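Hi there,

Here is the structure I promised to pass on. My notes on it follow below.

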Amino acid sequence: MCLQLTYVVKSGLVGFPLHQLNTKILPTLSATIPTPFPLVFSAPIVSFLSFIFSSPLSLPSSPPIFSPFPSSLPIRKKMATAFSPSKFAAQPFPLNTTSQNNPLTIPTIASPFLGSTRKLIRLCSSSNLNLRRRSGTVVAVSDVVKENKSKSTPNLLITKEEGLELYEDMVLGRAFEDMCAQMYYRGKMFGFVHLYNGQEAVSTGFIKLLKQQDSVVSTYRDHVHALSKGVSARAVMSELFGKTTGCCRGQGGSMHMFSREHNVLGGFAFIGEGIPVATGAAFTSKYKREVLKELDCDHVTLAFFGDGTCNNGQFFECLNMAALWKLPIVFVVENNLWAIGMSHLRATSDPQIYKKGPAFGMPGVHVDGMDVLKVREVAKEAIGRARRGEGPTLVECETYRFRGHSLADPDELRDPAEKAHYAARDPITALKKYLIENNLTSEADLKAIDKKIDEVVEEAVEFADESPVPPRSQLLENVFADPKGFGIGPDGRYRCEDPKFTEGTAQV
Amino acid sequence: MGFRNIIGRRLGLGLVRRRKPFSTATCDGDGNGNAKSINLYSAINQALHIALETDNRAFVFGEDVSFGGVFRCTTGLADRFGKARVFNTPLCEQGIVGFGIGLAAMGNRAIAEIQFADYIYPAFDQIVNEAAKFRYRSGNQFNCGGLTIRAPYGAVGHGGHYHSQSPEAFFCHVPGIKVVIPRSPRQAKGLLLSCIRDPNPVVFFEPKWLYRLAVEEVPEHDYMLPLSEAEVIRQGSDITLVGWGAQLSVMEQACNEAEKDGISCELIDLKTLLPWDKETVEASVRKTGRVLISHEAPVTGGFGAEISASIVERCFLRLEAPVARVCGLDTPFPLVFEPFYMPTKNKILDAIKATVNY
């Protein structure tokens, strides 16, 4: 029987203690309620039924997507009247025949990706589903659990080296952001600064799987994306201070981290503006591979954005384009439940963002974004899909920002109990615990990493402090491709060389 | 709508000087009633309270308005008038404005907030193609006069590319909408109430720099200031300076400095950019013979160009010097270079002297 479920990390089922197991299986409903309800701790199969009734839904009633008995549970009225089941008798999204055309087979490792299209077709055709409630990649818990029980040895998700790499990256992100806050309050940094504390698992989980040529497109909360991608802390800090040694020569600031070398296509201050840009970048990669025949070009683009963006037109337009043209892109939604002061649940008709994927013909996956290993597993497959040419994926990472929207935000609107709930699920402490409990590393090693990162961040601040401020002439550069693009003035000289072009003394 | 009656009742002891059909009744902003010293966002907040009080089909919506907004302009509205009239929208500017047009077309007063003027561009299509043309293309069967779009605009010192733009010039090129920019709290309250009650769609830009910085005595009662009337805020005889919004305070400083050099400057606040008061400016230029326009937006294609062309058309023989424009540079609004980019007091002073000594 095919059960509608959120994506289940198969191999992770063994590696994690039971309560974490349930956090994976249990879908977003209880987790997206901004109340301090802990996720239900009970046996996997029964849990998903019980939680529906246990958590007080402060939302409009949502379809019980996890019910094995479609007819017996309440159906959202809107759906019942608007659509008849017969309309959806056909497959809800065109599961293309990529797997048939593409010689690449599903990886034959011990734990095949359960959401892969081939298996999906098999799973779906074998049951009488009420496809209205399809929530994306579909996995039968019973199948998963069965496969797991057949394993005799637990396999860990990461090796020691990978674990340390992940830890270091997350600590770098956290330490850097904390230092940003300090610098801001000391007046060395200015403008609108948005910090990423608490969401490091998403950035690390995804970006650490990329190659140098893969592209990342981010939002205004982009410092840590740039750092994870490889931009040095010095360059990012200098950019924040507005110095010439910054990654954009000091012209952009906090919300505009670009790096040609590491293929970071920016920070975008405007929500949703980066998604079409990422779509275009993904198209280029596919074009190079298929038309220009650069067969080793399998560059993937990741587009990061938030929950508020998922109500914006650009998001939907790009989901459509990406799925239509099967672009190698992964849309990563960092759902931290709040858009400045607006709760995601009050702003969105259907708060389960991953369901928007299948509506456009791509898998929609939900994952617990506070756990870097789960994110990494999902990322592996989504990026793998894109690399193999199977098309885009929408991944919803449920995460949380520990600080306010920006450093100017007093952050009064969020319930302290909600904040405490998520603070207890700090991704860095969780990874630390995992590493130590599974004997991958020792406390001392991790402390050494902490110390190293502190030094890196301090050195970055010193570097930024000592760097020169950009000269005034830089103001006129890069408006056009031709730096002399302002034409010729009345005296026959290029206007941008005329000192009077920036006439007068500057007064702050 | 019977708003004339409402105004009449509300004013009580207030003086009503003129009443024209379909125009904003004039009442001087410093008339009767208690006046309190408040800043710009409080003045706008008061105006919104009054607007919602006096018309039960008025709505305020936008991003984050229900808790008060990122600039606190909408505090208390949701508590007082309820979530059915003051509500948050999702993050979709195009949707917000389009939705506002629909509300207005059905006879409501839609007061849409765009969180920063820099974010207004997705809504530009709806404003230009729908709001501006609704009455025209439906042959006056429908109109979206009840629509008012409020957006904070302008430099704020640290805003960077996307929190400091001045897009007024784009909107001034669209026949069918009005563009209004206040310079101070008292002006803001009166102008905003006029805009909300004006039977045409209006884009109201609020200088965000002044939200907290500008403090003025603002009467607590309901009053409106006329649209499309420029105000001469400083009399002079040597040169006319034209500006709007936050830039006026910079220009005023320049005027004071020029005074010390014996140059008498006349300063005009346009208040409404579209349709703008050509007569007042022309009369002033006929008096002085010189004109200087200043705005934060980039100089090429900024609204100063329109003013310059119109004045030259009308007063060519009277002009003693070319029309001077001291505006932002033709670059995207910079982050670190903001002091160099902005039309500062010194730049204006230099231009005043150059024009006077032409």
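**Between the two domains of chain B**

Ten residue pairs make polar contact across the interface of domain 1 of chain B and domain 2 of chain B, both residues being at pLDDT 80 or more. (A polar contact is a pair of N or O atoms within 3.5 Å; within protein, one must be able to donate a hydrogen and the other to accept it, and residues adjacent in sequence count only if both atoms are side-chain atoms.) On the side of domain 1 of chain B that touches domain 2 of chain B, the elements giving two or more residues are helix H7 (168-171), strand E6 (178-180) and helix H8 (185-197) of chain B. (Helices, H or I of at least four residues, and strands, E of at least two, are DSSP runs numbered from the N terminus.) That side has 16 nonpolar, nine polar and three charged residues. (Ala, Val, Leu, Ile, Met, Phe, Trp, Tyr, Cys and Pro count as nonpolar, Asp, Glu, Lys and Arg as charged, and the others, Gly among them, as polar.)

A word on the basis: this is a predicted model, where local features need pLDDT of at least 70 and side-chain atom pairs count only at pLDDT 80 or more, while totals for chains, interfaces and linings use all residues. Residues are numbered from 1 along each chain as its sequence is written, chains are lettered from A and ligands numbered from 1 in the order written, and side-chain values use heavy atoms, with hydrogens and water left out.

The domain assignment, automatic or from a database, gives domain 1 (3-219) and domain 2 (231-356) of chain B. Two salt bridges link these domains; in one salt bridge, the side chains of Arg183(B) and Glu231(B) meet at 3.4 Å, N to O. (A salt bridge is a side-chain nitrogen of Lys or Arg within 4 Å of a carboxyl oxygen of Asp or Glu.)

**Between the chains**

How much area do chain B and chain A bury between them? About 3200 Å², with 72% of it on carbon and sulfur atoms. (Buried area is the accessible area, 1.4 Å probe, that two parts lose on being put together, summed over both.) Leu91(B), Phe337(B) and Phe340(B) supply 20% of the area that chain B buries against chain A, more than any other three residues. Zero salt bridges are found across this interface, along with four residue pairs in polar contact, both at pLDDT 80 or more. H14(B) gives the most to the side of chain B that touches chain A, with four residues.

Best wishes
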